[in-house]
Amino acid sequence: MEELPIRPSGLFWQDDFITPEHEAKLIDIFRHELEWPDRAGRLSLHYGYTFDYKTFGVDPDVPFKAFPDWLVPLIPTREDRQPDQVCLQHYPPGAGIPPHVDTHSAYDQLYALSLGSPVLMQFQLGGSGEEGKENRVEVDLTPRSMLQMSGDSRLHWTHGIKKRKTDTLPDGTVRKRDDRWSITYRWIREPAVCECGDVKLCDTAQMRVGIEKEYRWKQGNETSDGVAAAAATS
């Protein structure tokens, strides 16, 4: 993988992580062989440990779920270690995910494989409080690409996908969205402590200064498409 020559730093990219033929087989499995939640909007399935949308960490009440055969060839390893949590998501046209960072203390680096329709993902420095175009970057998540978030892009910039049915590209072209799937890979951070010191976005830094994270589930703002602002990525 090669680091993208853009801000934020820490975004690594690989085109054609799988072949178009492999992608087509996977999408056929996703459409016809998997049981998705019966609701509208963005949908998720979990493998390995289950992502907890209340704590944004691992759900201790759900046993480890073995990776299915179709997923095994797609598993990246880091330092000879497989991911602890894998999330498959379906984005129908118009679906998105609110700007967020995956909880710092729970997870280390993140990887995301994109399948199906391309989509623009927006990165923003420090969340919504940072103004100016220089603090907002859009990355085109093309089919079969693998994206790794580390460093600044993982810890100090939020990422999200706007809810809309088209994306406007830099050359002015308006591109319609179609069905998209993403596979997000997470490694549990051991120990569960982050030392980045970002009080705005880091739960460890917030805890050390006596700030309780404002989870959406405490505010009663859950929705079918954005259950948690700090939930699954890409």
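1. A quick word on terms before we start: buried means under 20% relative accessible area, exposed means over 50%, and partly exposed is what lies in between, with a 1.4 Å probe and protein chains only. With 46% relative accessibility, F64 therefore counts as partly exposed. Y49 is at 30%, so this residue counts as partly exposed too.

2. Some housekeeping. This is a predicted model, where local features need pLDDT of at least 70 and side-chain atom pairs count only at pLDDT 80 or more, while totals for chains, interfaces and linings use all residues. Residues are numbered from 1 along each chain as its sequence is written, and side-chain values use heavy atoms, with hydrogens and water left out.

3. On to the rings. Rings of Phe, Tyr and Trp (its six-membered ring) pair if their centres lie within 6.5 Å; planes under 30 degrees apart are stacked, over 60 edge-to-face, and the rest tilted. Searching the whole structure turns up six aromatic pairs. One of them is Y49 with F64, an edge-to-face pair at 5.0 Å centre to centre and 80° between the planes. Both residues sit in the loop between β3 (43–48) and β4 (85–91), 15 residues apart. Elsewhere, F30, Y47, W70 and W181 are linked into a cluster by ring pairs.

4. Have a look at two arginines as well. A charge sits over a ring if NZ of Lys or CZ of Arg is within 6 Å of the ring centre and within 35 degrees of the ring normal. R78 has its charged end over the ring of W187, 5.1 Å from the centre. R186 does this with Y107, at 5.5 Å from the ring centre.

5. Now the sheet. Strands (E, at least two residues) are DSSP runs numbered from the N terminus, and two of them pair if DSSP finds at least two bridges between them. Four strands make an open sheet in the order β5-β10-β7-β8, with antiparallel pairing. Its edge strands, β5 (97–100) and β8 (136–141), each pair on one side only.

6. What joins these strands? Two bridges connect β5 to β10 (residues 157–161), and H100 has H159 in β10 as its bridge partner. Four bridges hold the antiparallel pair β7 and β10, with Q122 opposite G160. Between β7 and β8 there are six bridges, and here F123 faces V137.

7. Finally, strand β7 (residues 119–125) is mostly covered, with seven of its seven residues buried. V119, M121, F123 and L125 point one way, while L120, Q122 and Q124 point the other.
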